[in-house]
Amino acid sequence: MSENFVVHTRPPAKLNLFLEIPAKRDDGYHEIDTVMAAIDLCDELQVQRTDDPTVSLQANWLPSRNEIARELGLPTTESPSLADPEDALFIPTDERNLVVKALQAFRQHFGIASGFQARLGKRIPAGAGMGGASSDAAHAISCAAQLHQVTHHHQELHQIAASIGSDVPFFLPMSCENGQQACMGWATGRGEKVAPLAISSDFDPSETYLLIAYPPIPLSTAKVYSALRIPKDPVSSAKFRQALQSNNREQWESSMMNRLSEVAEEITPQVKDLLKSLWKSGLETCQLTGSGSACFGVASNFENASRILNALQSDLTPGVLLRLARITPTAAPIRTERS
Ligand SMILES: C[C@](O)(CO)[C@H](O)COP(=O)(O)OP(=O)(O)OC[C@H]1O[C@@H](n2ccc(N)nc2=O)[C@H](O)[C@@H]1O
Ligand SMILES: Nc1ncnc2c1ncn2[C@@H]1O[C@H](COP(=O)(O)OP(=O)(O)OP(=O)(O)O)[C@@H](O)[C@H]1O
């Protein structure tokens, strides 16, 4: 596809509905056993080819940096500059950004001389445990594959994704046996071994509402993992996955867990307080996602979810970003148009 095409996609965030860490590996990573669901809280990503043999990225918050800052109770600025590392809403646009890293890795792997230009609109909070940067990276790889017509090179694209981060492969296209795009995945290894999780046909993802609460305290994934004590008797995700696949809602809700929650609460007491507020609000099952600091709860229907969201907004904002989301395919569709 020549330079005059632009591809657009909307990388979704993820929540860990189950996360157990059975062992520490010799390579400094941990073995994990996790079930992740993609949710319709999405960034916006646009990629096009350029003759210039480099990767350039522009990034901004959506709807605006100051709007997000207001919700989080952070100072607004007349001339918001996302390039200021001191800014709590800083988004790197150099090789520290996983979109740039992923596009560079793609060019290197396929020996591509031309470059890429990307634009990123952020809605997924960073340092939240919601896989924002990982999802952006995976979707940048899928966009580049579309532009260079190598979308069928699945193994190589997976290899590039796994080299960028443990959560990245989850966001590559995955189809269930029934041919449908997967919304959930079972990840093991350090997270790079992902299998689509087919869910029961009577489980309607659009009828499961998830309420997400993000306090502006970015938690470092490495720091949370390094503080973890490996459990003597790790819990397998088998029971949880079986309950999902048979749509036994009571069973899968009661077997949700996140082994990183305890350490995250020790590192950041605000996470503990936030979880208490979510449980008190009437949500059915509340827990940390990933390595945090975002937490989420499950609501049984839209009415309950909206009522609880309104109640939490008056209690917690400004200061906590609250979002209502539903489960969605892990790999967002890619739209191509002439530039
Ligand atoms: C916590 C989760 O989000 C759960 O889905 C993931 O396990 C983390 O995935 P991620 O953010 O993509 O993590 P990476 O960027 O690959 O690794 C960041 C750091 O987290 C720690 N890390 C990550 C994954 C893993 N299985 N074991 C680890 O110990 C390592 O110190 C690593 O250097
Ligand atoms: N595309 C990106 N969007 C936002 N932040 C990014 C991106 N690429 C790199 N970063 C940097 O990486 C840090 C972690 O971002 P984020 O938390 O979204 O990563 P992640 O590993 O995908 O998610 P998780 O929070 O689940 O670990 C951010 O604080 C930011 O400095």
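## Strand β9 and its partners

Let's start with a pair of residues: Ala213 stands opposite Leu322 in β13. That's one spot in a pairing where β9 and strand β13 (residues 321–326) are joined antiparallel by 6 bridges. Two strands count as paired when DSSP finds at least two bridges between them. The strands and helices here are DSSP runs numbered from the N terminus, with at least two residues (E) for a strand and at least four (H or I) for a helix.

β9 also has strand β12 (residues 295–299) as an antiparallel partner, with 5 bridges. Here Leu210 has Val298 as its bridge partner.

## Which way the side chains point

This is a predicted model, where local features need pLDDT of at least 70, side-chain atom pairs count only at pLDDT 80 or more, and totals for chains, interfaces and linings use all residues. Residues are numbered from 1 along each chain as its sequence is written, and side-chain values use heavy atoms, leaving out hydrogens and water.

In a regular strand, side chains alternate between the two faces of the sheet. In β9, Tyr209, Leu211 and Ala213 point one way, while Leu210, Ile212 and Tyr214 point the other. How many residues of β9 (residues 209–214) are buried? It's 6 of 6, where buried means under 20% relative accessible area, exposed means over 50%, and partly exposed is in between (1.4 Å probe, protein chains only).

## Two helices packing together

Now for a pair of helices: α2 (residues 98–110) and α3 (residues 132–147) pack at an angle of about 35°, and their axes are 8 Å apart. Axes are lines fitted to C-alpha atoms, for helices over the stretch in contact, and angles run from 0 to 180 degrees between N-to-C directions.

Who makes the contact (heavy atoms within 4.5 Å)? From α2 come Leu98, Val99, Ala102, Leu103 and Phe106, and the α3 side includes Ala133, Ser134, Asp136 and Ala137.

## A listed binding site

An unreviewed UniProt entry lists a "binding site" whose residues include Gly131, Gly132, Ala133 and Ser134. UniProt positions follow the numbering used here, feature names are shortened, and annotations may be inferred rather than shown by experiment.

Gly132 lies in helix α3 and counts as buried because its relative accessibility is 8%. Setting aside neighbours within four places in sequence, Gly132 touches Asp43, Lys122 and Ile124. Ser134 is in helix α3 too, and at 12% relative accessibility Ser134 is buried. With the neighbours within four places in sequence left out, Ser134 is in contact with Leu98, Asp167, Val168 and Phe171.

Technical notes:
Chains lettered and ligands numbered in written order. Contact = heavy atoms within 4.5 Å.
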